[in-house]
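Subject: A structure for you to explore

Hi there,

Here is the structure I promised to pass on. Please open it next to this email and follow along as you read.

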Amino acid sequence: MSTQPASTDIASRTSAVINQLRGLEGPLLPILHGIQDEFGYVPGEALPVIAEALNISNAEVHGVVTFYHDYRNHPAGRHVLKICRAEACQSMGGDAMAARLQQLLGIGFHETATDGSVTLEPIYCLGLCACAPAAMLDGEVIGRLDEEKLEEIVAEVRL
Amino acid sequence: MTATIYVPGDSGALALGAEKVARAVEREIAARGLDAKIVRNGSRGAYFLEPMVEVETAVGRIAYGPVTAKDVPSLFDAGLGSTHRLSLGNPEEIPFLAKQTRLTFARCGITDPLSLDDYKAHGGLKGLERAVAISPADIVRTVTESGLRGRGGAGFPTGIKWKTVLDAVSDRKFIVCNADEGDSGTFADRMIMEGDPFVLIEGMAIAGIATGATKGFVYIRSEYPHAVATMTAAVEIAREAGLLGVNVLGSSNAFDVEIRVGAGAYVCGEETSLLNSLEGKRGVVRAKPPLPAIQGLFGKPTVINNVISLASVPVIMDRGAVFYKDFGMGRSRGTIPIQIAGNVKHGGLFEAAFGLTLGEIVDEIGGGTATGRPVKAVQVGGPLGAYFPRSLFDTPFDYEAFAAKDGLVGHAGVVVFDDTADMLKQARFAMEFCAIESCGKCTPCRIGSTRGVETIDKISAGIEPEKQLELVADLCNTMKFGSLCALGGFTPYPVMSSINHFPEDFRPAALAVAAE
C-alpha cells in the first residue's frame, strides 16, 4: 500500500511549492511546511531541490528539517493523533490516558498502526491547560479526555 | 430585530464541544424559523463554564454554561430566557469574571474577533490613533512610564527595549511578536489571538511607529492552528481597512504584518532561537550580546515582544501611562493575565493587577482541585517554573516576590497538582523535557539534562540516593549558571524546588520500607 510518489514527481511538486513561497524573507520554514502539506511528510528527494533553489547546502537543509519535531521523513497514518504530555495534562491523569491510548491502539509514540490508520505522537502543550488532559486529532482539539472520549477517538481512527 | 447568539470559536471551547453546540443552535434557528444569527466569539476565559453560550436580549446578555449539544433544544424551549437550569444570568456578574480587572482582555470573549466594527465599538484603535498623532519618542516614553514589563517571562521593561531600537540607526527594523507559547499551563496568547486579534495587530503597529520599524512578524507555534487561522484572517482585514499598509490609519507611517508558523520546537520561544527560526535556520540559541534590539532579525534592530506585552500597549496608549501604572505592586505594574490550569476546579484566565497571593489564586479563585483532594504543589511559570508548596501560598504575584522565593512568574501560568502528584516524577520530567527540547548549542543544557534524568532514575532505584541528590544539586548549579538561555538555565527551578520542598518524595519506597 505504498503511497509514496515517484522521485521525478516529488521534484516537480517540490518546485511548485518553492515557487509560491521563495519570495518570502527567510522562506525555508514556510517551504518545508508547504512540502509537508503537499506530501504528508518531507521526502528526502525534496531536500536537494530546496537547497538548489535557495542556494544553500544540502547539509543546511537537512540540519533544519531534522531540528524541528513537526517534519516527518516518512508518511504518517491516515489520521494523526497527538496527545499532550506536559505538566497541566499530567496533573489531570494525562499519563494514564496516554498509556491507555497506546494500549487501545496497540502502538507506542511515533509509531503508525500496521493498517496505516493512525500515527500517535506526543505533543507538549496545546494551550488547553484548563481543559486537561487534551489531545488533537487531525487538527481538531479535544479536551477533558476520559475513557469514553478515548474510545470514541479509537473508533473514529479505525473507520 | 435579528437576535444574536454567541457560541465561542476559541479552541478551549471547541475542545469541549462548542462546534457541536454551534451546529445544534443553527438547526434550532432553522427549524423554528427564528430571525437570529450566530457569532463565534472568543472565550471569556472561564473554561469551567465552556462551552458558554450567550444570548443578546433586551436586558443585556444572558449566559448559559456549560452547554452540550443536547441541551440546545431545551434552551430554545425555555425561550432563551434566564429560567433555564444552565442559565448563569448576566455574564459580567459571574463571580470569576466580575472580580477581574480586564485591560488587555477587555474585549476577549465579548466581541466578534474578526469584526473591525465590533473592535472599534469596544474602544479599539484609540491607542493607535493617539500613537500616529504624537512623536515616536513620546510613544516610547508613555510605554516606559507605564511600567510595562515583558509578559513572556523575563519581565524586561518594554519601553527600554523600544528605546534601544528607536535609537538604533538602520535601513530596516523589525517588530517580532513571540507567539510561541509553549509553556504548559499557559494559554493567554492563544486566547487573545483567537478572541481579539486586532488588539495584537494594533499593538504591533504602535511598536512599529514608535521605533521606525515597517515590518512585523508574528511567530505562532504550529500547535495553535486556530490562532494561526484567526490571525491570518485578521491581518487581511486590517490591511483592507488601512490599519496596516503604506499609510497606517492614513498617516505617513508604513507598517505591515506577516504571520509565520513554528514547527514544534519549544526552544523557539527563546527570543534568539525564534529569530533564527524566522530566518529559516535551526532554532539554535544565539549568544548575547549583541542584543536583538541592536542586531536581531536578519541582523537588523528588532523589537521582540511577547503577545501579551504587545496586546497591552493599545490600552496604555489610550488610557495613559498613569492609568496603567496605578495597578499592581512594587516594580510589577499594571495587570497580568493569570492562567489557572491543571487540576483545578475553576480553571481559566484571570486578569488582575499584580499582587494577588498564590493562595488567593489557587484556593479562592481557582476553588481548589478538580478532584477535590488537597493541593500538594503548584507550578508557576511553565515547565521552567518552580513547584510551590502550600507553605509558600502567601507569596504575592509579583516578579520580585517570586524570585525571592526561588521561583518565577514567567508567563503567569499556574498549574495545580493534588496530593497524588509524585514530585520525583515531576523533577525527572523537567530534566527529560529539557533533554527533548534542548537546541544542543551549550553543554550544560544538552548533556546536563540527560545526566539529570539518569541521576534521578538512580534515586528512584535506591542507588546511593544521598549521593545522587548532591550530584543533582551540583548539576543544577552548573546548568543554572552555565547555560546560554532559560531552557537549561531554568530547568533547575522545577527540579530543585521539588527536592527542597518535597524531600519525602525523593526517598525511594524500598529504602523507606527497609529503614522501618
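How many helices and strands are there in chain A? Chain A has seven helices and five strands, where helices (H or I, at least four residues) and strands (E, at least two) are DSSP runs, numbered from the N terminus.

Two notes before you go on. This is a predicted model, in which local features need pLDDT of at least 70 and side-chain atom pairs count only at pLDDT 80 or more, while totals for chains, interfaces and linings use all residues. Residues are numbered from 1 along each chain as its sequence is written, and chains are lettered from A and ligands numbered from 1 in the order in which they are written.

**Chain A**

The C-alpha trace of chain A spans about 50 × 35 × 25 Å along its principal axes. Of the 159 residues in chain A, 40% are buried (20 or more other C-beta atoms within 10 Å of a residue's own; 12 or fewer is exposed, in between is partly exposed; C-beta atoms are placed from the backbone). Chain A is divided into domain 1 (7-67) and domain 2 (79-158); such bounds come from an automatic or database domain assignment. The centres of these two domains of chain A, taken over C-alpha atoms, are 30 Å apart.

**Where the chains meet**

The contact between the chains takes 34 residues from chain A and 47 residues from chain B; two residues are in contact if their C-beta atoms, placed from the backbone, lie within 7 Å. On the side of chain A, helix H2 (28-39), helix H4 (58-67), helix H5 (87-90) and strand E5 (140-142) each supply at least two residues. That side has 22 nonpolar, eight polar and four charged residues. Here Ala, Val, Leu, Ile, Met, Phe, Trp, Tyr, Cys and Pro count as nonpolar, Asp, Glu, Lys and Arg as charged, and the others, Gly among them, as polar.

**Chain B**

Chain B contains 22 helices and 16 strands, and 58% of its 516 residues count as buried. Its domain assignment gives domain 1 (3-98), domain 2 (116-325), domain 3 (328-418) and domain 4 (423-515). Eleven residues of domain 3 of chain B touch 14 residues of domain 4 of chain B. Strand E14 (375-380) and strand E15 (387-389) of chain B each give at least two residues to the domain 3 side.

**A closer look inside chain B**

B:Trp162, B:Val165 and B:Leu166 in H8(B) meet B:Ala207, B:Ala210 and B:Thr211 in H10(B).

Finally, look up B:Pro314, which is found in helix H13 (residues 307-319) of chain B. Is B:Pro314 buried or exposed? B:Pro314 is buried, because 29 other C-beta atoms lie within 10 Å. Leaving aside residues up to four places away in sequence, B:Pro314 touches B:Gly127, B:Leu128, B:Val199, B:Glu202, B:Gly203 and B:Ile206.

Enjoy exploring!
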